[in-house]
Amino acid sequence: MTFKNKYQPSLLLFLLLIFSCIGIEREWEEIESNYDHVLNVFGILNLDPGFTSFIGLYRTTDLNEVSQRFSRVDTLFYCNCEAEEEDERCWCEGDDEGYWEVDSIYEPAAIIKDASVFVTDDNGVGFEFTFVENIEMIDTIMFDTTLFIDGYNIDFDTTIFDTNNFRLNFYIDTTGNFRPQEGQNYTLSITAPNFDPVTGFLTTPFKPQLNSVSQRGSLTDTIFVDEPFDISYDYEPRGKALVTSEVMLGDWWNYNSNTDWCGGYFDPFIVDLNDGMQNNTSIYPWLCFSDSEEVIVKDYVLRLTAFDDNYYEYFIVGEPGEYSNALLNSPTTKGRSIGIDGGFGVFGAIASDWKFLKIIKN
Amino acid sequence: MFTRFLFLFSLSGLLFSQSINGFVREESSGEPISYANIFLENTSLGAATNRDGYFVISDIPLGSYTLNASMIGYGIFKKEITINDSGSIRLTIFLDQEVIETSEIIVTAERQKFERSIESSQISLDLREINSAPAFIEPDVFRTLQMLPGVQTSSDFSSALYVRGSTPDQNLIMLDGITVYNPYHLGGIFSTFNTDAIKEADFHAGGFPARYGGRMGAILNIINREGNVNRIKGMSNISLISSKLLLEGPMPIYKGMRGSWMISGRRTYFDRVIDALKIPIGKKADGSNEYFQFPYYFYDYQIKANLDINEDHRLTYTRFYGDDILNWSFDEKENYNDTDVNVSREFKFGIDWPWGNKTNGLTWRWIVSPTIISKTFVSNSYYRFNFNFSFDQEDIFTYSDSSATRVQNIDYSIFDKINDNTLETEIIWKANNMHEITGGFQLKNVGYDLGIDIEFETQDTLLNWVPLDLKNKTREVSLFLQDKLNYSDKVKLQIGLRATDYNLHDKIYFDPRIGMKYHYNSDIAFKINWGVYHQFLTTANNQDENLRLVELWLGIPEDKDASISQHLIGGTEYMSPQNIFYRLEVYKKTFDNLLTVKQENPNTFEESNSTDTTLNEFWDTKGNSWGIELLLKKSSGKLNGWLGYTFSEANYYNEPSGWHHPNFDRTHTLNLILNYDLTDDIQTNFGLTMSSGNPYTKILGRVYDWRQNLDSETYWYPVDSYIIGEKNTERYDKYFRIDVGMTRKKGKIFGFNYDTYWQIMNLTKHLNVLSYAYRTKTDPFTGNRVGVERRAVPMFPLIITFGIKFDF
């Protein structure tokens, strides 16, 4: 027998047997990080009356750090199982007499509560911002806090909005004396134990004026879906603004009305406030394809938000996506510092104007 | 006076010397033999055949000589020649394949190239070398090239060539001189070239001469076989993925004109096998069985025909056509009743995605005189990539007294088309034994069409949106001139200049190229090459991608300069008496005016117009690379192969990333290819690759990144983001792979000869990391993030493949 007749089949069989298990085993391994942490600032000066300017202060965290830590228990209300009035009763089981409804509050592990934060204006006047936990809301505009269900009037508790996910603990001016003005410079300074100091700088935008809305060639406060409309706004010395909209679907339990609704939506877009040649723009909402012939009217809010250069750079331009990995299921960043020196984050300012309209679909 | 002197000098040359020219071909098939050695015994006069098998020995004094022709693997040819004043002698020499022990020294192609080639970094691989390297399923010329020093790969899944810091789009890939824009199948896993049809692959890793232009990286010219001039022959090959057929033969002789032809084709068969198996996956609406259909296949075919009009004129036609097709569709019908209405719905969803190349070329070779050869070449290369997605739904509402139809059709397509029409002429003039002058021009018209088209249709509306519409027509007109100068017995020079006019720019681009070779002795030589290289097109692909399905080509726009690179290469070569070739080279390359496509910014609200997308927005990029390469190559004998080692570093710079190593950069690479003839009919091959891991960007920690909501409400919310470090400062674990294979030849069945072959890739099942997958560890009770884990995504596992090849 020659080599080929005698050994080749055996060699093949041997190889197939040896390598019958073809897969390569892989294990999950924990990643350790060794990173010098820095402060992460989220500061917004809001020029709109009734809106709070705030500075949020955090730090970077290690990969193996918990993201949220237990902070405290928040007592919501007492449930009296033996209440005489029917509308004071709540959910009880068995022989319960009553109980306290509590909520476990978690806070970001990265939060810094013991820093010294100052915002100084052009005249050198400094305003100390104090840490305040559990700010209930940033904004109450257009949030109807009264619900009417099955004949019952219910006050919608907007603190529910402030869930664990959105519970934002901020430094704010608790004296009420800080009122940011348009076109002014503001300086931020932060010192926190065990971190390098951080500073920030911005120039506030000018308050925009959303003047009018017109459709079908005439001014209107009621617009029709599926038709373009125009908005006009004032010229400002500088700055850009974002145009957004929202259809207030409101009575969310009214199933038919909300599921039949479409129209009025468009992608937010930027306008140049200091373009003297053009201070109006046409909006082409997404087309609405609906079978229903029912006429529905909703509240409609148009908003024009001007911002300073820092806010524009951070939120509008965004970060170039120079790193991508399809298998990494969270966003990545190299750490942005916009208007901030010595740490990450952003120090920006906004000022807004609104138009409250009606929108009709037929 | 000077002119008369020149005339008398040349006339005297004519009177007292002549030339011998002709072709060297293989006896059995008539294929030209490159780098065969032709010399006159007891003289220093000799020449090597070029790629067409043509040679010329000029300035031969009158007299009688013994002409020798030899090539390793063939018998020696001898003929008595008498040179007189009757004119030059034209010969056609046929060499017979044989393996005979002889005491006479037979010169290998390697020796020929060593003695005559001035260009650095050049390798020619013949079919035997391409087929003998370990292969992934079937032999592939690109995967063989990846085993050479200076050539890297980004992963096992890609056959693309990263050469000395250059990305694949910087390489000029040609098939018989025609540019091929997307030389890959199956998303880059295979090259588009059928090795059965290849005669040789001529590869320049850098420092290439002035006759090549338009690219900055490397040149690969794949030469197809010409076809058997004596009889019709064929071969077929079935591997795990495709079946191939090749036919070749002589053309009928007509009025003294002879020729040959070759046709080869290849197609994957997996889809056909699945169709034939009829695997049921459910029922259609009409109750009939629905069978599983494999949605993908590729095919390619090549035709080459040569016609010798007479001994001086030859026409060659070349055609290549290759396509990948991904085609999948799904349709469904249903009927249901709602209140007062019956609804009949038909729903169709489909993906149709062909991409591929089509080339045609016609070459006219004219031997003007024994020392002047002219080649005129006209070609068309068309590449298109056309991804179509369609969704069609038709609802018919039938009421008691009426009916209504609702139609919703969406068609989305993204396409890239390139149409390249080229006319070029090259004239080679072997003026005398000192000068070989080559000159020519090239006119290249390229049309680019890159776009996105979206159509939305309802029963009463038709909307068409074109978010991207980039059309470009570019023209490159190039002239080149080079002189290969035998300055002395020891010193050879090659000086060339290429000038290109690019129609979108207002200037002429000059590419000087200089090379020098110094023979220290008959076995040792030193080389140095320097050149400037411009490129007028780029790709809109993400350079970070590990898996590249298609190339998206664009011409360099008006507002950007042509990309430019400079190569400086120095090296030493040693050809041992046992014909083992040693080469040590050092290179330095610089790149400028590169364009890196901007990746999509998911956060931006930047105002956009209908023609701007991130596909045509670029970061200006520059870079450099340098390295040391060592090559040992033994081309003959029972044991042959090569050992290559590379130490290299590549650096790129753009604004978002700063200076960084590109994804394909590997610092150390060691490749070993060995072929051993175990017996007359059993050949074994062995391949080893060890290299540094590819670079990647490390995750360092976490930070809150903020997103806004500005409509009726105002709030912001944090997004827990990973902080990444500087780009590509970490490296995956080392790469290691061993491949083995065996070919058993000379089987016979039903009168056909057959060979069987098998290959094992990654014999040791080493985990080579393609990328990492990440997952967040969360506390099951609180849902908090408590850490990050990663797991390697592997490249090739152990793979066993086999196939069979028939000759008839």
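Author: Happy to! Please keep in mind that this is a predicted model. Over all chains, the count comes to 46 salt bridges, so let us visit a few of them, taking a salt bridge to be a side-chain nitrogen of Lys or Arg within 4 Å of a carboxyl oxygen of Asp or Glu.

Start in chain A, where Arg59(A) pairs with Glu65(A), their closest N and O atoms lying 2.7 Å apart. Both Arg59(A) and Glu65(A) are buried.

Now move to chain B. Asp720(B) and Arg702(B) join their side chains in a salt bridge, at 3.1 Å from N to O. This pair links distant parts of the chain: Arg702(B) sits in strand S42 (residues 699–710) of chain B and Asp720(B) in strand S43 (residues 714–724) of chain B, 18 residues apart. Here, too, Asp720(B) and Arg702(B) are buried.

For another setting, look at Asp469(B) and Lys471(B), a salt bridge whose closest N and O atoms are 3.5 Å apart. Asp469(B) has a relative accessible area of 38%, so this residue is partly exposed. Lys471(B) counts as exposed because its relative accessibility is 60%, and the cut-off for exposed is over 50%.

Finally, salt bridges can also join up: Glu138(B), Asp196(B), Lys244(B), Arg266(B) and Asp300(B) are linked in a network of them.

Note on methods
Residues are numbered from 1 along each chain as its sequence is written. Chains are lettered from A and ligands numbered from 1 in the order in which they are written. This is a predicted model: local features need pLDDT of at least 70, side-chain atom pairs count only at pLDDT 80 or more; totals for chains, interfaces and linings use all residues. Side-chain values use heavy atoms; hydrogens and water are left out. Buried means under 20% relative accessible area, exposed over 50%, partly exposed in between (1.4 Å probe, protein chains only). Helices (H or I, at least four residues) and strands (E, at least two) are DSSP runs, numbered from the N terminus.
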